[in-house]
Amino acid sequence: MTSRTGAAPRIDLHTHSTASDGTLTPAELVRAAAQAGLDVLAITDHDTTAGWAPAVGALPPGLRLVRGAELSCRWSGTEPAVPLHLLAYLFDPDHPELVAELARVRAAREDRGERIVALLRADGIDVSWPDILAGAGGGTVGRPHIAQALIRVGLVGSTREAFGPDWLGERYRLPKDDIDVFRAIRLVRSAGGVPVFAHPRATRRGRVVPDELIAELAAAGLAGLEADHEDHSPAERAHVRALAADLGLLVTGSSDFHGTHKTVQLGEFSTGVEAYERIVAEGVTEVASG
């Protein structure tokens, strides 16, 4: 594979649109990726494939689109359970079991969001659940939408601050009914997809799972680990790469772009061609080309 410019291809395999908690529509996202000089972009909204069709419909010439999703998962091997995210690439979006599970998780996200807002309002914080739903524009509702409400009323200055311990990171954080991570891997594989563990060592986000669990996930069908990510320190990136090498897993890098909800830019971290080609070879859905 070669890039449009003849240089090494730029491949970003983790981004979000307004189909979940990004600020660009799927069409705007693919246009922004082309303007940023990317050769390959993955759209990986939380627990939904709703952005796939509009992204494909707006795909600029020369840009390849990997259709995916970021699944909300949990590991129950400790108490309380550890939340984690699984990137699923190139799966069949009509697989009945996976479709049903994603719908269940989206409903759980909405229920949690409404309960968080109720807690905030009980403490006299003037945020509105109908306004937050409207701000989500029909996309999968998440804590970033509540963070935007807190920003609008002047209580925090940024999404990062909103996710701090005084707000959504701890005081007003509630669990939701995520997918057991082993079940998620089985579902993604049965749907013909390729599962990659998102930001597995991001200690700045909270608790992380032990390497022993990642080895068990690899035996269960996990294909890769996301190493290069803004929430990984250099030491964490090196650890993930070494673990992937030990387990024979592919390694990805990506921006986890959310538009103005985050400062990271498209293509700030990227995936190597070999890992990308392994994902393409294993997936059941073809990469779309502009």
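I take helices (H or I, at least four residues) and strands (E, at least two) as DSSP runs, numbered from the N terminus. The model is predicted: local features need pLDDT of at least 70, side-chain atom pairs count only at pLDDT 80 or more, and totals for chains, interfaces and linings use all residues. Residues are numbered from 1 along each chain as its sequence is written, and side-chain values use heavy atoms, with hydrogens and water left out.

Entry 1, helix α3. I looked up what follows α3 and found G124, whose phi is positive, near 85°. I then checked the helix span, expected as 1.5 Å times one less than the number of residues. The 27 residues of α3 (96-122) should span 39 Å, and the end C-alpha atoms are 39 Å apart, which agrees.

I count a residue as buried under 20% relative accessible area (1.4 Å probe, protein chains only). The buried residues include L98, L102, V105, R109, R112, I116 and L120. An α-helix has 3.6 residues a turn, so residues three or four places apart point the same way. The buried residues of α3 pack (heavy atoms within 4.5 Å) against β2 (40-46), β3 (64-75), α4 (129-136), α5 (143-152), β5 (179-180) and α7 (181-190).

Over residues 11-75 I read 25% helix and 32% strand, with the end C-alpha atoms 29 Å apart.

How values were computed: Buried < 20%, exposed > 50% of the residue type's maximum accessible area, 1.4 Å probe, protein only.
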